[in-house]
Amino acid sequence: MAFDNIHLEKGMYRESGKSFTQVLEGLDPSEAYRGTALEGTDAFQRQLKRFDIHAKGAGSDSVEKFFRTYESAVLFPEFVARVVRQGMEENNILPSVVATVTNIDSMDYRSIHSVPSEKDKTLADVGEGAQIPTTTIKTDDKLVTLKKHGRMLVASYEALRFQKLDLFSVMLRQIGAYIQRKHLDDVVRLLNTSATTFVIGDDPISSAEGEIGYASLVDFWAQFYPYEMNTMLVSNSMMSKLLKLPEFQNPLTGLNFQGTGKLSTALGAQILRSDAIPANYIFALDRNYAVEMVQAGDVNVEYDKLIDRQLERAAITHICGFGMIMDDAAKILEI
């Protein structure tokens, strides 16, 4: 098979604009395996098969299996990156928060921005010969701040060589989960500086100060028009308060929560819990219009160190930033 004849070397991680897997796919296209037993695998997975490396399950191999030959060792950084990426995707709530993801090849990025007036939010009839209403889109005056989040592997090869890959993957997924939580922290900081804050008890939000009720949530929901309040970010204590409201205790909501762990609310918004949210606040947004996620590359690992078995002080990082697309599509409620 073609994948048996590919020469693997460090330089495959350095090809500009391409990931390691994309380089492999160029040499060993997956389309060539349609109708065969290997259909559905990608080029990296076929390389694992080539070197008989079992990365998952109770019968997984030890870390040492990657280092039997130089070429199989070249696969190890990609394995680490994939498992970290898996950890980032597990319990990832960013898809319910960001409107779009932009990939760039630099550390500087200036997004576009729209701040429509109340008149701009409505469509007027255009008579014959009349001027068509305009929507102004400008380049943002501020650069999107990209931040590098990650962890350092601090373990010798001797300490890990006999560990099963399945167990090692648990540690790597934890690193991915940490990186993703830091990204969410960045989103919360962005919303905190860009979104309008409403206070319960102050017009137009009804209810006594310091209390959360269904009426105040409805008033808050009404401030989003013509956007839709479809995502709410709350702390653990605020989640408890919301679930205790009578309107959130109808049988269908309880059945859905008990059966799936997901909440359908009386307001139709998805409620997401995060320790990044202050206790007495609700961050709400229209996920279709509010936030842009900007990332410079994929998960990055120091492949030279990993290939050469220098696991000590090997960094695993991801560079990402967030910017507002439409400020009116996100709002904050202070209780």
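1. Among contacts in the protein chain between residues at least 6 apart in sequence, what percentage join residues at least 24 apart? The figure is 78%, with contact meaning heavy atoms within 4.5 Å. Bear in mind that this is a predicted model, where local features need pLDDT of at least 70, side-chain atom pairs count only at pLDDT 80 or more, and totals for chains, interfaces and linings use all residues. Residues are numbered from 1 along each chain as its sequence is written, and side-chain values use heavy atoms, leaving out hydrogens and water.

2. Some overall numbers. The protein chain has 10 helices and 12 strands; these are DSSP runs numbered from the N terminus (helices are H or I, at least four residues; strands are E, at least two). Of its 335 residues, 44% are buried, where buried means under 20% relative accessible area, exposed over 50%, and partly exposed in between (1.4 Å probe, protein chains only).

3. On to the cores. A nonpolar core here is a set of buried Ala, Val, Leu, Ile, Met, Phe, Trp, Tyr and Cys residues joined through side-chain atoms within 4.5 Å. The largest one has 42 residues, and Phe66, Phe76, Phe79, Val80, Leu172 and Ile316 touch the most other members. Elements giving it two or more residues include α3 (70-74), α6 (165-194) and β11 (314-324). Helix α4 provides the largest share, 7 residues. Not counting residues up to four places away in sequence, Val80 touches Phe168, Leu172, Val301, Leu306 and Ile316. Another core lies apart from this one, with 26 residues, among them Leu94, Tyr227, Ile277 and Val291.

4. Have a look at α1 (residues 20-27) against α2 (residues 43-50): they pack at about 80°, axes 8 Å apart. The axes are lines fitted to C-alpha atoms, for helices over the stretch in contact, and angles run from 0 to 180 degrees between N-to-C directions. The two helices are therefore roughly perpendicular (65 to 115 degrees). Phe20, Thr21, Leu24 and Glu25 of α1 meet Ala43, Phe44, Arg46 and Gln47 of α2.

5. Asp28 sits in the loop between α1 and α2. Is Asp28 buried or exposed? Asp28 is buried, at 1% relative accessible area. Its contacts, leaving aside neighbours within four places in sequence, are Ala2, Phe3, Ile6, Tyr33, Ala43 and Arg46.

6. Ile104 belongs to strand β1 (residues 98-104) and counts as buried because its relative accessibility is 10%. Ile104 and Ala296 are 192 residues apart in sequence, yet their C-alpha atoms are 5.0 Å apart in space. Beyond its neighbours within four places in sequence, Ile104 also contacts residues including Tyr109, Leu146 and Val294.

7. Finally, the backbone spots I would look at. Most residues other than glycine have a negative phi, and most peptide bonds are trans. The bond from Asp203 to Pro204 is cis, with omega near 10°, and Pro204 is in the loop between β5 (196-199) and α7 (214-222). Tyr225 and Pro226 are also joined by a cis peptide bond, omega about 10°, with Pro226 in the loop between α7 and β6 (231-234). Asn91 has a positive phi near 55°; it lies in the loop between α4 and β1 and counts as exposed at 78% relative accessibility. Arg313 has a positive phi near 60°, in the loop between α10 and β11.

Technical notes. Parallel < 35°, antiparallel > 145°, perpendicular 65-115°, else oblique.
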